[in-house]
Amino acid sequence: MVSFSQQTYAQRGEQHSHPLVKQLFAIMERKQSNLSLAADVCTKAELLDLADKVGPYICVFKTHIDIISDFDADLVARLAALADMHDFLIFEDRKFADIGNTVKHQYGGGLYRIADWAHITNCHVIPGEGIIQGLAEVGVPKDRGLLLLAEMSSKGMLATGAYTEKNVEMAVRNDFVIGFIGSRRFTEDRDLLTMTPGVGLHASDDALGQQYRSPESIVTENGSDIIIVGRGIYGPGKDPVAEAQRYREAGWNAYLKRLEQ
């Protein structure tokens with residue numbers, strides 16, 4: 001069997017059983033983009049401004065909604081409208097990590113009502129498989145998708161070895177799981193996405209332990225599907241539109257190079 005990483009996004013979308021993954025692959029093909037923006041900003045105005053500026057160049061817009069100091073319902077309504085206008089999905093990087101009964105309330109209710117507007121979210125499997133089942137109770141009826149944190153991009157992270165292998169085992173047998181946060185392709189047992197943070201064209205690390213790798217090393221060599229970029233696009237002194245275009249081109253070229261191998 002040909003590895004999933006050697007198939008085009010279009011081919012994988014046609015064959016995939018999950019409606020959200022089909023939608024995502026279609027967006028990636030239409031926009032020739034495997035770029036996700038990590039919008040780690042702290043105000044409503046900043047978040048919406050970024051989404052509007054970089055929206056045309058990305059496939060996924062990643063949020064940390066609980067760091068927004070002036071969050072309100074209008075924010076998510078306007079963000080959803082921008083997602084429709086610019087053709088991207090919203091990924092709330094919530095990193096759920098509690099028992100199933102708790103996370104289903106965190107996901108479906110509370111102040112943020114994440115499942116109502118975020119197409120994708122993620123979790124740690126430290127509590128066991130019940131966390132996936134709890135989130136699925138809320139997300140499956142809404143055609144949402146879940147990523148498991150098989151690895152992280154920070155120095156000294158503990159998600160390695162047997163723990164990562166357990167993530168893969170759980171993902172393969174749970175249809176609500178659409179992929180992983182990690183640095184590589186993890187399995188050929190199911191077509192599961194990999195989204196990779198810590199991607200940069202220049203920097204190698206930061207003062208708080210983030211480690212950066214190039215789009216080519218992540219996509220071409222490791223078989224990851226989507227690069228996640230934050231400060232490399234909108235950091236101090238940067239033009240977010242120009243940088244988003246640059247990263248989109250780098251990520252897409254890395255994907256095309258992978259297909260040629």
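Helices (H or I, at least four residues) and strands (E, at least two) are DSSP runs, numbered from the N terminus. The model is predicted, so that local features need pLDDT of at least 70 and side-chain atom pairs count only at pLDDT 80 or more, while totals for chains, interfaces and linings use all residues. Residues are numbered from 1 along each chain as its sequence is written, and side-chain values use heavy atoms, with hydrogens and water left out.

**Exercise 1. Positive phi angles**

Task: Determine where Arg113 is found and what its phi is; then treat Lys95 likewise.

Solution: 
Step 1. Arg113 belongs to the loop between α5 and β4 (120–123).
Step 2. The phi of Arg113 is near 45°, which is positive in a residue other than glycine.
Step 3. Arg113 counts as partly exposed because its relative accessibility is 42%; buried means under 20% relative accessible area, exposed over 50%, and partly exposed in between, with a 1.4 Å probe and protein chains only.
Step 4. Lys95 is part of strand β3 (residues 89–96). Although Lys95 is not a glycine, its phi is positive, at about 50°.
Step 5. With a relative accessibility of 24%, Lys95 also counts as partly exposed.

**Exercise 2. The surroundings of Tyr9**

Task: State whether Tyr9 is buried or exposed, and list which residues it is in contact with beyond its neighbours in sequence.

Solution: 
Step 1. Tyr9 is located in helix α1 (residues 9–15).
Step 2. Its relative accessibility is 0%, and therefore Tyr9 counts as buried.
Step 3. Contact means heavy atoms within 4.5 Å. Leaving aside neighbours within four places in sequence, the contacts of Tyr9 are Phe25, Met28, Glu29, Asn34, Asp225, Trp252, Tyr255 and Arg258.
Step 4. Ile181 lies 172 residues from Tyr9 along the chain, and the C-alpha atoms of the two are separated by 18 Å.

**Exercise 3. The packing of α5 and α6**

Task: Describe at what angle helices α5 and α6 pack, and which residues make the contact.

Solution: 
Step 1. Helix α5 covers residues 100–108 and helix α6 residues 130–139; they pack at an angle of about 35°, and their axes are 8 Å apart. Axes are lines fitted to C-alpha atoms, for helices over the stretch in contact, and angles run from 0 to 180 degrees between N-to-C directions.
Step 2. From α5, the contact is made by Gly100, Val103, Lys104, Tyr107 and Gly108; from α6, by Gly130, Ile131, Gly134, Leu135, Glu137, Val138 and Gly139.
Step 3. These residues divide into 5 nonpolar, 5 polar and 2 charged. Ala, Val, Leu, Ile, Met, Phe, Trp, Tyr, Cys and Pro count as nonpolar, Asp, Glu, Lys and Arg as charged, and the others, Gly among them, as polar.
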